[in-house]
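Please look over the sequence and the model shown below before reading on, and keep both at hand while following the text.

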Amino acid sequence: MSDATTLLSDELKSWIGREVSYPAREELGRASIRYFAMALQDDNPLYRDDAHAQAAGYPSVVAPPTFVVETCQYADGPPNHHGYIGHNWDLPIEGCRMIRAGNAYEFMRPVLPSDRVSVTWTLEDIVERPSSRGGTQLFVTSVARHYDDGGELLAVNRETLVYQPLGDGK
C-alpha cells in the first residue's frame, strides 16, 4: 500500500495514547437506575427494591451492569453535530463512515445510587487493515475506566470503532 492510499496518517497516529477524563457531577441516583432498568425492560427487583437488594447482600438497590458504562453522567454540554452527548474523540478522519464494531465490558462491582462515577478514556490503538470490499479501513480501540469518588475501579469498557471509506457510492 502506498502512502497516497493509506488512511492512517502521521497526524492520526499522534492521537494514540491520548487520554481525557471526565469528573463525576452528581450521584447516579435511584431514579436514573430505575429508568435505565425500565428502558431495558428488566424487572429484576435488585434494581427497584431495597429490601430485595439488601437480602441479596447489597446496601441498597444496584444498577444493571451496563448502566455504569452507558450513563454519560459526566456529560455537561450540548449534543454534538450527531446529537450525541457522551465522549467522542472527533478524530480527523475524512471521507469515512464510522461503525461501532463492539464493546467488551469488565465489571468489578455493581454501582449504587450514591456512587459518583468518573471516567477516563484512553485511545489505545489505531490500526489499518484490508477491507473485504477492497482498499483498507481503520480500527480504533479505546478503553474507558470508570471509577467511584473514592478511586475504586468500577468497570472497564473496551470499545472498537471501524472507519470505512465511503467510496464513490457514498
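Predicted model: local features only at pLDDT ≥ 70, side-chain atom pairs only at ≥ 80, totals over all residues.

Residues are numbered from 1 along each chain as its sequence is written, and side-chain values use heavy atoms, with hydrogens and water left out.

The chain holds four helices and five strands, and, read from the N terminus, these elements follow the order α-β-α-α-α-β-β-β-β. Both kinds of element are DSSP runs numbered from the N terminus, a helix being H or I over at least four residues and a strand being E over at least two. Taken along the principal axes, the box filled by the C-alpha atoms is roughly 65 × 30 × 30 Å. Of the 170 residues, 35% are buried, where buried stands for a relative accessible area under 20%, exposed for one over 50%, and partly exposed for what lies in between, with a 1.4 Å probe and protein chains only.

The accessible surface amounts to about 9900 Å², and carbon and sulfur atoms supply 48% of this area; such areas come from the Shrake-Rupley method with a 1.4 Å probe, and for residues only the protein chains shown count as cover. Among contacts (heavy atoms within 4.5 Å) with a separation of 6 or more, 68% are between residues 24 or more positions apart. The charged side chains comprise 15 positive and 24 negative ones, and the centres of the two sets lie 3 Å apart. In that count Lys and Arg are positive and Asp and Glu negative, with His and the chain ends not counted, and each charge is placed at NZ of Lys, CZ of Arg, CG of Asp or CD of Glu.

Which strands pair with strand 4, and in what sense? Strand 3 pairs with strand 4 in the antiparallel sense over twelve bridges, and strand 4 also pairs with strand 5, residues 153–165, in the antiparallel sense over ten bridges; two strands are said to pair if DSSP finds at least two bridges between them. Strand 4 is mostly covered, with ten of its twelve residues buried.

Gly 135 belongs to the loop between strand 3 (118–130) and strand 4 (136–147). Is Gly 135 buried or exposed? Gly 135 counts as exposed because its relative accessible area is 55%. Apart from neighbours within four places in sequence, Gly 135 is in contact with Arg 129 and Pro 130.

Asp 148 is found in the loop between strand 4 and strand 5, and Asp 148 counts as buried because its relative accessible area is 11%. The side chain of Asp 148 makes a polar contact of 3.0 Å with the side chain of Arg 109, and a polar atom of the Asp 148 side chain lies 2.9 Å from the backbone nitrogen of Glu 152. A polar contact is a pair of N or O atoms within 3.5 Å; within protein, one must be able to donate a hydrogen and the other to accept it, and residues adjacent in sequence count only if both atoms are side-chain atoms. Not counting residues up to four places away in sequence, Asp 148 touches Arg 109, Asp 115, Arg 116 and Leu 154.

Gln 164 lies in strand 5, and Gln 164 counts as buried because its relative accessible area is 12%. The side chain of Gln 164 makes polar contacts with the side chain of Arg 97 at 2.8 Å and with that of Gln 137 at 3.0 Å. Leaving aside neighbours within four places in sequence, the residues in contact with Gln 164 include Gly 95, Cys 96, Ile 99 and Arg 133.
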